[in-house]
Amino acid sequence: MAVEEFLKQCAQSGDAAYAAFKSLLEKLEDPKTRTEARMFLSDLQSRDCFSDDCFDKYHFRFQDIYLDRNEGYHGRKKLTMMVIPSIFMPEDWSFTFYEGLNRHPDSIFKEKTVAELGCGNGWISIAIAEKWLPAKVYGLDINPRAVKVSWINLYMNAFDEKGQPIYDAEKKTLLDRVEFHESDLLSYCREHDIQLERIVGCIPQILNPNPEAMSKMITENASEEFLHSLSNYCALQGFVEDQFGLGLIARAVEEGIAVIKVTGIMIFNMGGRPGQGVCRRLFERRGFRVTRLWQTKVLQAGDTDISALVEIEKNSPHRFEFFMGLSGDQPICARTAWAYGKAGGRISHGLSVYSCQLRQPNQVKVIFEFLKSGFQEISSSLDLSFDDDLVADEKIPFLAYLASILKDNSCFPYEPPAGSKRFRNLIAGFMKTYHHIPLTSDNVVVFPSRTVAIENALRLFTPRLAIVDEHLTRSLPKQWLTSLAIETAETGLSEDVVTVIEAPRQSDLMIELIKKLKPQVVVTGIASFETVTSSAVVQLLDATREIGSRLFLDISDHFELSSLPGTIGVLKYLSGTPLPSHAAILCGLVKNQVYSDLEVAFIISEEETILKALSKTVEILEGNTSLISQNYYGCILNELLSFQLTDRHPHIERRSEKPESVGVIGFATSATSVLNDAELSISDDGYSLVHMDVDQWFLPVPSPVKAAIFESFARQNLTESEIDVTPSIKQFVKTEYGFPTDRSTEFIYSDCLQALFSKLVLCCVQEGGTMCFPAGSNGNYVSVAKFLKANIVHVPTNSEQGFKLTEHTLNQALETVKKPWVYISGPTINPTGLLYSNQEMESILSACARFGARVVIDTSFSGLEFEYEGWGGWNLGSCLSKLSSSCNPSFCVSLLGGLSLKLLSGALKFAFLSLNEPFLIETFRSFPGLSKPHCTDKYTIKKLLALREQKGGMLDVVTEQIRILQNRAKRLQEVLESCGWSVLKPCGGVSMVAKPSFLDRAVKLKRTGGGEKDAAYEVKLNDASLREAIAKTTGLCINSGSWTGIPGYCRFTLALEDGEFEQALACLVKFKSIVEN
């Protein structure tokens, strides 16, 4: 085609000009016609096609862009580019961006894989390839016409006027280095699995004043006006930055995180209209370190309507930054700038070029992979901006770990009460690697806090006299610290009285007290000036050994989670000498960089008997230590161990300890009885177990719960109102149970239900009361009462009533009970899964009121009812109002609740206790050593409770999970009945009971697993032996009649992971065949 004919076609319209150049591109792409086509472009340039007149007349023009005029630059001085009306034209905005790129050293793009977002006519992509010789540049634009024009410009600059290739210093042409593709941001790179080392972008940052226009399909046949608007405006992207017009940049950055290599750099042009702080924060909160390469002012493009920014200012307190002309230095808001511009004034704004690099790229990538997997709605809460690198180095790896376990695991696994096996392994690994102490996970028991560890240890031994470091007594029971029964301690008249003497931490003074008072237990830290050497430790060990005292050495204040931990004398001693059997090491972990109130503690011992007893004690009194807290500190330990070579230093052979003196205090009688008889967790002993004996949630954790857990840690600076759960809990108990509260009601929170119940039992003991448990109660709670030496009465129940309390049986039982404390599980009863109706509760409470009983209603297993026809729910308000005005004044009702099952939250543990009686509140406060939920737990619970109030969403999830439980109950009943069990059909909750027909039968059993232990043995099946027999032969753990309190009836929990539930059913069938054979 002749040049005149080509120009004639172009003159018809912009679309005709585009069609003409598109045909020319086809010839440039064909090697056979490429030379001719390139020479045609040269002829076209010679026709004065560089002027604005050409653009107006022929709908295109050429433009020379000068790259570098520095004396040291030996490359091409200029590029010749073509533009058409429907694409972004090179102007101050993009020239400033290129100037910013020039601020980087030459190595920034050399041999790198680069993507340019919003490449327009491609001049920056081509300039990068020309100047810095990258391996590949991908010029990307959503405008299909821009991509075509970019290819034309590439061919025009890759070949000279005669159509011959232009080679660079490495004998490559621009065609070898540059490609252009139609792409919505980085979609092309994602779809083709291209990993990038550099991402640069100069993309729109103003919302389109006509949002509907942005919803059109983007095709090359769209109008010129629409296609050109893609260069000036962006649509809402669903990011918090949309309010500043930066949503498209935000999406580009997050897409870039997925495809950029770990050493990659992103460089973006940022208009200063929203303010420099807002611009920087966009990157910093996503985990980037930000460097401003270049800053200047540019005139606001005349064809860009800023009315969208005026609208944002009208609806928010934010003010954008404009200036009057290029010389103005006082910022004006968007509304003023809009008015000034309409009146003919020239407005400008700041323009900065930011270079951004991920501070912990691997971890940040994991975090954003999690957010993209269905959790995008919480990305606005993510804040990875940190002033302190130490904080970043701790929190970002934890968020990545949390993201990975939430993404990869449908539920949180069962962990033994002694602590997560992974966490205990990491503690042992840290001790071995950094302090050269050869420990294993079996030497470690985990506790919710240091205070809890000390109190539990003292309750395990119940010494008549204990000496405790004055720094460690703050949270011990007040009566221990005020008792003067030292004479009793010396004469040994009573085991029930615990007297704690406070002592100074200085070792010589402590030892003097030990020698004079001869305590049975000593708990102490080491003074700072005595920490480095082990002499004080040796003296304490010797002094306590000589008098037969147990010693717990606290190293919390000196233990550092660091790659260069300070010397601690006791650990230095242990690296060469085993820990004596009468001593243990105590450590509370609170020294993290982020959360001063996030604690977990551990005790180290090399005495197996002590470790097992401590593990059982924490299981009885606390349940399980928060798994998320263990994961937090486990992540810190893992980071410290991950780069260490194993066994790099040979371990010194340790000397044998000195012989232990006789007379060391043993466990309290009540503790020994409970530890021996209670149905506690069964050790796996190397083979896998299926746990139908724990009150935990192993069904899939719903997405809203995962989102809330992650968001609670992703946020920074949670406000008091955001973590104040009391208003939500008050509304919850009112809505669910009609439970009345007023200003005098006190809500107490813990991360463990059993911890709250333990304190209630202690209140009962202090009052001289008697705990009254219906036959058919939670066996864990009965064990708590026994361990704490409470007076206990078992209220009889019968099968005809479904083993529920009745007014008649309660009247009979309470006739002879002094100061009764009645425990009731409801509306859903654990373990039977039956329901108390509102009428039944009114009758029961009336009986309790008659005798002035203190009632504890445990609602923690309620809220998952599936057989509730005619039930009607609870409304306790009117009943309690009548009773409180007409009954024995000592009558009161406390509400105990746990939200882990109610909110299907798995590892997230949250329990509450509502107290209305002033005496109880005061007594409860005298037992301050309570493991409390972390602020992130409170934030999560408050958010989930709010979601429960909304239609759909969380309620739909709960409904679906209830349906699963109902189907589980039906299937389990069918299998149990086919295996010879009599089943009590449940109505809700996560457990049910059944009685086997083969009780009192003598059978020969063979332990599952391998080795010599496989020898067959005979056993008579009864409540004392059935649980162990089933566990040893099939690996299934259940609770026997000894636990349920109903002779012969075993308890089975339903909320297992799918595979484990099927395995449990198979175990029941297997045991049936074992019994029959």
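**Strands, sheets and rings in a predicted model**

Visitor: Which residue of β17 is the bridge partner of Val446?

Guide: This is a predicted model, where local features need pLDDT of at least 70, side-chain atom pairs count only at pLDDT 80 or more, and totals for chains, interfaces and linings use all residues. Residues are numbered from 1 along each chain as its sequence is written, and side-chain values use heavy atoms, without hydrogens and water. Strands here are DSSP runs of E, at least two residues long, and helices are runs of H or I, at least four, numbered from the N terminus. In β17, Val446 has as its bridge partner Phe602.

Visitor: How many bridges join β11 to β17?

Guide: Strands pair if DSSP finds at least two bridges between them. β11 and β17 (residues 600–604) run antiparallel, and the number of bridges joining them is 4.

Visitor: Which residues of β11 point the other way from Val444 and Val446?

Guide: In a regular strand, side chains alternate between the two faces of the sheet. Buried means under 20% relative accessible area, exposed over 50%, partly exposed in between (1.4 Å probe, protein chains only). In β11 (residues 444–447), Val444 and Val446 point one way, all four residues are buried, and the other way point Val445 and Phe447.

Visitor: Why is one side of β26 and of β31 left without a neighbour in the sheet?

Guide: The open sheet has 3 strands in the order β26-β27-β31, with antiparallel pairing. β26 (981–984) and β31 (1050–1053) stand at the edges, so each has a single partner strand.

Visitor: Which residue of β27 is the bridge partner of Trp981?

Guide: β26 pairs with β27 (residues 991–996) in the antiparallel sense, over 4 bridges. Within β27, the bridge partner of Trp981 is Pro996.

Visitor: What is the angle between the planes of Phe50 and Phe62?

Guide: Rings of Phe, Tyr and Trp (its six-membered ring) pair if their centres lie within 6.5 Å; planes under 30 degrees apart are stacked, over 60 edge-to-face, the rest tilted. The whole structure holds 42 aromatic pairs. Phe50 and Phe62 form a tilted one, 5.8 Å centre to centre, with a plane angle of 45°.

Visitor: Phe50 and Phe62 link distant parts of the chain; how many residues apart are they?

Guide: Phe50 lies in the loop between α3 (34–45) and α4 (52–58). Phe62 belongs to strand β1 (residues 61–66), and the separation is 12 residues.

Visitor: Is Phe62 buried or exposed?

Guide: Phe50 is partly exposed, with a relative accessible area of 32%. Phe62 has a relative accessible area of 1%, which means buried.
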